[in-house]
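Visitor: Could you take me through a close look at the disulfides of this model, and at the parts of the chain that deserve attention alongside them?

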Amino acid sequence: MKRLAALSMIAWLAAPAMAAPSIAGVPWIIDGDTLDIHGTRIRLFGIDAPEREQVCDRAGRAWRCGESAKRALIRFIGQRAVTCAPRGRDHYGRTVAVCSIGGADINRWMVAQGRAVAYRHYSDAYDGAEDQARAAHRGIWAGTFEQPWRWRRAHPH
């Protein structure tokens with residue numbers, strides 16, 4: 001009996017943890033990598049978009065690349081519902097997730113359009129999309145910019 005109880009405990013401990021339920025709905029877009037769905041703040045996993053106040057350079061002219069990233073995400077999603085698969089929480093308590101719309105990975109789309117970079121410190125999932133956007137000079141890759149994480153460090157709120 002003790003052996004059966006021990007084997008049951010081992011099986012229970014070895015079982016995969018229950019995945020967090022997906023979050024779905026029409027989001028409020030906070031910025032190029034943050035959404036809010038029904039009061040849940042969601043940070044898009046594996047990407048880093050320029051901050052709303054961040055300015056980049058294109059052909060010697062300043063442009064508001066952070067605001068542009070937010071507007072691109074608003075246009076892409078429109079009033080459609082998205083589904084987000086949580087991956088965990090960040091140090092601000094936000095849910096970190098991969099979000100999709102109509103089967104399309106929103107995180108990947110942002111990087112492929114040059115509206116965000118692959119956040120290589122946390123994931124390599126979007127490295128290929130970034131490489132393609134850079135080669136095609138899309139979005140922020142059409143000029144020069146400071147990596148969003150460096151910009152945040154230099155401009156604390």
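Guide: A residue is called buried when its relative accessible area is under 20%, exposed when that area is over 50%, and partly exposed in between, as computed with a 1.4 Å probe on protein chains only. This is a predicted model, in which local features need a pLDDT of at least 70 and side-chain atom pairs count only at pLDDT 80 or more, whereas totals for chains, interfaces and linings use all residues. Residues are numbered from 1 along each chain as its sequence is written, and side-chain values use heavy atoms, with hydrogens and water left out.

The structure holds two disulfides, a disulfide being a pair of cysteine sulfur atoms within 2.5 Å. One of them joins cysteine 56 to cysteine 65, with an S to S distance of 2.0 Å, and both cysteine 56 and cysteine 65 are buried. The torsion about the S-S bond of cysteine 56 and cysteine 65 is about 65°, so this disulfide is right-handed.

The sulfur atoms of cysteine 84 and cysteine 99 lie 2.1 Å apart and form a disulfide; here the S-S torsion is about 110°, so this disulfide is right-handed. Cysteine 84 belongs to strand β8 (residues 82–89) and cysteine 99 to strand β9 (residues 95–101), so the pair ties together parts that are 15 residues apart in sequence. Strands (E, at least two residues) and helices (H or I, at least four) are DSSP runs, numbered from the N terminus. Cysteine 84 is buried, as is cysteine 99. When the bonded cysteines of the protein are numbered in sequence order, the pairing reads 1-2, 3-4.

Leaving aside residues up to four places away in sequence, threonine 34 touches Trp28, Ile29, Arg41, Ile42, Arg43 and Arg94, where contact means heavy atoms within 4.5 Å.

In helix α4 (residues 127–135), the buried residues are Asp127, Ala129, Glu130 and Ala133. Seen down the axis of α4, these buried residues fall within an arc of 160°, so they line one face of the helix; the arc is that of the directions from the helix axis to the C-beta atoms. On the other side of α4, Gln132 and Ala135 are exposed, while the cover over its buried residues includes α3 (106–112) and β11 (117–118). Just after α4, histidine 137 takes a positive phi of about 55°.
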